[in-house]
Every structure is written in C-alpha cells, then in structure tokens.
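Dear colleague,

I am passing on the structure below, together with some notes on what came out of going through it. Please read the notes with the coordinates open beside you.

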Amino acid sequence: MQLQLQQVLPVYFDENHRTQSEVWRKDLTFTKGEYIKIVAPSGSGKTSLMHFLYGMRNEYNGNIVYNSANLRNYTPEDFAGYRKDHVSIVFQDLRLFPEQTVQENIELKRQLNPFHPAEKIKEMAERLGIGNKLASRSRICSYGEQQRVAIIRSLMQPFDFLLLDEPFSHLDDKNSQNAMQLMLEEAKLRNAAIIFADLERIDWFPYTRIFHL
Amino acid sequence: MAVSFKPIRSLMQTGTNTGSRWFSYIGLGIGVLLLLCSIQMYINIQQLLGSESQRKDGSDFISISKTITNETMGQLEKNLFNANDISEIAAKPFIEGVSPLTANRFRVQLSAGDIIPFSTDMFLESLDNNFIDTVPPNFTWQEGQNYIPIVFSSDFLEIYNVFAPGYGLPQLSAETASQVVVFITCYGPNGEKQTFRGSIVALSDRVNSIIVPKNFLDWANNKFGNTTDVKASRLYIKTKDANNPDFLTYLQQKNYKVNKDKTKFGRVKQVLQGIFSGLGIFGLLVVILALMLFSFYLQLMIARSKDNLQLLLMMGYSPNWLSKNVSKQFIPVYILVVLVALAFTEGMQWAFHHFAMFDRPELSSMLHWTVLSTAIFLIGLSLLTNYRMVKKLLYKLV
C-alpha cells in the first residue's frame, strides 16, 4: 500500500515554490505504517495537499498515485471506494452535518464500512471527553468539541492512510495528546500510515519522517 | 452489511417545498387519469362500433351508382356502368375490389304461395359472394336445381313489415321470413316461363337488394333475357377507407353517387376516435408536464441539500448508491398516484358500462389489458426519468 506524489505542484503556485519545498515538485512515496509529519506555515498549500491526496480537487500538475493507480483516472465510484475503504481524513474545517447529532454524524461514517461496532462510538467519545455530547446537534457544540467529533468519525472506517489537517487547532495540549494517542492506537490496529500536516512541529507526534512544505 | 438510507433521509431538505411536490403529484395523477380514460374509451368505441360497422376484413363496402340527371334520363348507356368504367375504378389505388350488381333482364314475378296471398313483380340481383356480409354455405345454385337461395336486404324486410298490415298481410320476424317458401316465376320474351322455389337464407345489412347466386342470374339472363352482356346499374366497392379524400374526389369527378348512409357510421366512429385520441395526447402532455414539474422539484431539493449531499459523497458514499436511494424514496408515491388514477379509470369504466351502456355484452366493466400495461409503463417511465435526473445532478456534485 503506497501513496506516491510525483512532481506535484498546485497549478496556482509559481515555480519558485519548488526550490523551497520538500514536497512540491518532488517524488515522494509514503507507505503503510509510516508516521509522516508535514510542517507547513500558512499559505504554503497544506490544505491543498490534503485535498489532493483525498481526491477532492485536482488542480495540480504532476500525479498522485495510490497503489499504482493514478487518482486522475478515478471515476466518482472509484473515489467513493477510495474514501470508504482506504483513506480517512480529519478536515481542517471539520465538515460535520450541523443539524445532525454527534452520534448521527459519526454513525453516518461508521455504517459505510464499519471497522468498529456501534458501541465503540460512545467509548471513544468518553475517552475524548465528549461522551455527554452524543445527543447534541453538532452545530451547538464548541469548535473544540466538533474537532473531536471529526477525529472519532475518521476512525470508524478501515484505512491505509489517515490524513490530518490541523486536527488540534482548537484543542488544549491535554486534549490534543489524548486524541493523538487514540489515533496512534487506531493506526496501529490497521497498520496504517498517518500523514499529519500542521503549522509547527508538535512534540507528541512520533513521526518517522518530517517534511517542510 | 448493507448501508442504511434512513439516517440520510433527514439530510434531504424537502420541508419547505411540499406545495410544489403535491402539485406535481396531483398533476401527474390527472395526466395519468386522462391518458388511461382516453385509452379505455378508445377501446370501448372499437368494441361497440366494431361489431356493427360496415367493415369486413378492416375494409369499407359501399355501393355507388351513376347520378341520373335530366340530361342522361332515358339513355341507358350513360346510366349504367360498362366494362371500361369498372376496370377504370378497379385500377385506382384506393380501391381494393369492385363487383357489379347485376340485375335481371327479364320479367320476374314473386308469389308467396297459399299461406300469404301475395304476388308481385320484382327484381333480382347478383353480386360477388365476397362482397356480401352474410353468405351461408347453402347460398349456391346449379343448373337444373329448382330451389334458389336468396340473400334479402334487412331494410326491405323492415319496409315489408311497414306496409304488410295495410294489405292484410302478416308481419314477419327475421326467423319466420327465412321459413317462408316463395315461388319465383321467370318469363321469357316468347312467352316461356319457369317457376322456381326460393327462400331467404340470410338477411344482409349491407346490400340493399334481393340477391341470388350469380351463376343462376347469369344463366337466367341468358335464357330468358337473351343477353350475356349485362351492364350494371350499381357497383359494390371494397376500400380501406370510405372517407379517403382521393376516393371522394374521384367519385365527385365522375359524378358517381355514393350511399352516404353507409359511410356515416364510419365517420361518427372516426370523429369519436379522433376526440379520444386528442384527449389521450392531451393526457400524455399533462403527464410530461407533471414529470417536468417534478424534475424541477427534484432539482430544487438537490440544490437545497447540496452541501449535505456533497459531504456524503466526500465521506465515501457512492454517487450511484445515493442516486438509487434518493429516487427510490418516490417509488411508493408514484405507484400510489398511478394506482389512484387506475382506480378512478376503473370506476369510470364501470359507471359507463353500467349506467350509460346498460351492461351491453360487447363491453366489459373491467379495464382492458392495454390500460393496465400503460399504467405499469407510466410507473416505470416516472421512476426511470427520476433516477436519471438524480444521478445526473449527483454526479455533478462529485
């Protein structure tokens, strides 16, 4: 299971990004079990990279290849399978259903391809300190709480790669470490890779490789 | 494990738009009702008029004669059809067959024997058997045979029954008429005469005449009338459509007279069928309009739920699965709409059969199978257009 970046550069970036970046316009291969840390200041294209890897956008030059299949050739159905079975994501902007409860938001993901039984939702929610929020509509939860909902949601499915786009921006250190611990355990269960993009280096992410975007 | 659509249903925002949805359901129902009723009425007309019409093998049979004017009066040549006239008519593309009505060229007297003291001079005609609507198997004659079968116009029987009481004659039913044995006496120019026995073997609605087998009349014309070249005063024409404008123009040009009564029935049927075809087309248009309205409603619904649907697709929901399930939501209501329309049509048909047609045996109180299959087809059509619509819109969101 490999995720490869081949000379990828957003079309809206000019070429001088290539000299400064360790990712853009490079050939990189991420394999299962790796913990990749991507340190990226604002405006360096961190969210773009995550969206490219997740197959949501394709405004880039170069290719992204998953298991020797180019994402450019994926059909809408292929992407559905890719996101359901192989790659999970925590969006920077979370993307929850505002009118659904926390429980419903997580269940909507879980039922697609359940890696855990439904009881696991409550267990994880309690572990991250939002056990009492399961019945609340997600729009009335604080941003920090929503961030934890998005994290739990991303752990409901099987995956080879877990993409994290500033997942702790609204969490204090204690909650962040707690959530990180959970994600590491879940990644280990699947022997999956984590690709973690954030503004700066975080000490409690035991990365195996680090790149500056 | 099958993915459930239940939690997704609430993500489809339909709430504020129930008005336009119900409008399209009602529109669809009315359109389907119009369409089904028209088809059923069209079939009713076929069944009602089909059995009584002048049609045989799907053709019209009509008799034509030359119009006798003051100028042609007395000139037999001009008032009869000769062989040229006949072959000219037969060559026209709208004519499927021509047969002359050949009349007797000698004096014929008919008497009813002792039972009914009735005797009259009369005429006999012959016509190709294919042109007679009722030809029983015993309608044959061979030389030396003393018995002549007769096909009698039912109109003539009616006329007889009108004047019979005034002459002290018994009125006859169709059954009795065919049991009466009559004596037909043929007179030759030199005083010879021969009497045959005859009886009515069938009544004809189509041919206004007294028809005897053709070979008998040919033989008798030859024997008593001394002529083989008999010109016809009337022609029977077989045509696909007696209302064909080419045909009618041709008749007018040649100054031929057509029995309008015989084509009138066909015309009424045509007008009625035209009306119901028009109504059916209107119904179909309403159905299309309703489906369009519904597709607008769907577009609106999908546009309103765009964010939610996009997020579902982003989470890994298959666009094909979503399209199927979104359009599946409307299956029950579509089936219900068509079933209600079908029930109304059935009610209409029952009322029409029972109250307007007094349970006539040609009709059925039940719907014809074409109506049922149209209903099924319409359900399928609505579901298919829906599914394609939703699928197209959802793939745009990916």
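In which sense do strand 4 and strand 5 of chain A pair, and over how many bridges? Strand 4 (residues 60–66) and strand 5 of chain A pair in the antiparallel sense, over 2 bridges, where strands are DSSP runs of E of at least two residues and helices DSSP runs of H or I of at least four, numbered from the N terminus, and two strands pair if DSSP finds at least two bridges between them. In this pairing A:Val65 stands opposite A:Asn70 of strand 5 of chain A.

Before going further, please note that this is a predicted model, in which local features need pLDDT of at least 70 and side-chain atom pairs count only at pLDDT 80 or more, while totals for chains, interfaces and linings use all residues. Residues are numbered from 1 along each chain as its sequence is written, chains are lettered from A and ligands numbered from 1 in the order in which they are written, and side-chain values use heavy atoms, with hydrogens and water left out.

The two strands belong to an open sheet of 4 strands in chain A, with the order 2-1-4-5 and antiparallel pairing. Strand 2 (27–31) and strand 5 (69–70) of chain A each have a single partner strand, so one side of each is left without a neighbour in the sheet. Helix 2 (residues 46–54) of chain A lies across strand 1 (2–10) and strand 4, running at about 130° to strand 1 of chain A; axes are lines fitted to C-alpha atoms, for helices over the stretch in contact, and angles run from 0 to 180 degrees between N-to-C directions.

Elsewhere, helix 5 (residues 119–127) and helix 7 of chain A pack at an angle of about 145°, with their axes 10 Å apart. A:Asn175, placed in helix 7 (residues 173–190) of chain A, counts as buried (under 20% relative accessible area, with exposed over 50% and partly exposed in between, for a 1.4 Å probe and protein chains only) at 18% relative accessibility.

In one of them, A:Arg137 bonds with A:Glu99, the closest N and O atoms being 3.1 Å apart. A:Arg137 lies in the loop between helix 5 and helix 6 (143–154) of chain A and A:Glu99 in the loop between strand 6 (87–90) and helix 4 (102–110), so the pair ties together parts that are 38 residues apart in sequence.

Methods. Contact means heavy atoms within 4.5 Å. A salt bridge is a side-chain nitrogen of Lys or Arg within 4 Å of a carboxyl oxygen of Asp or Glu.
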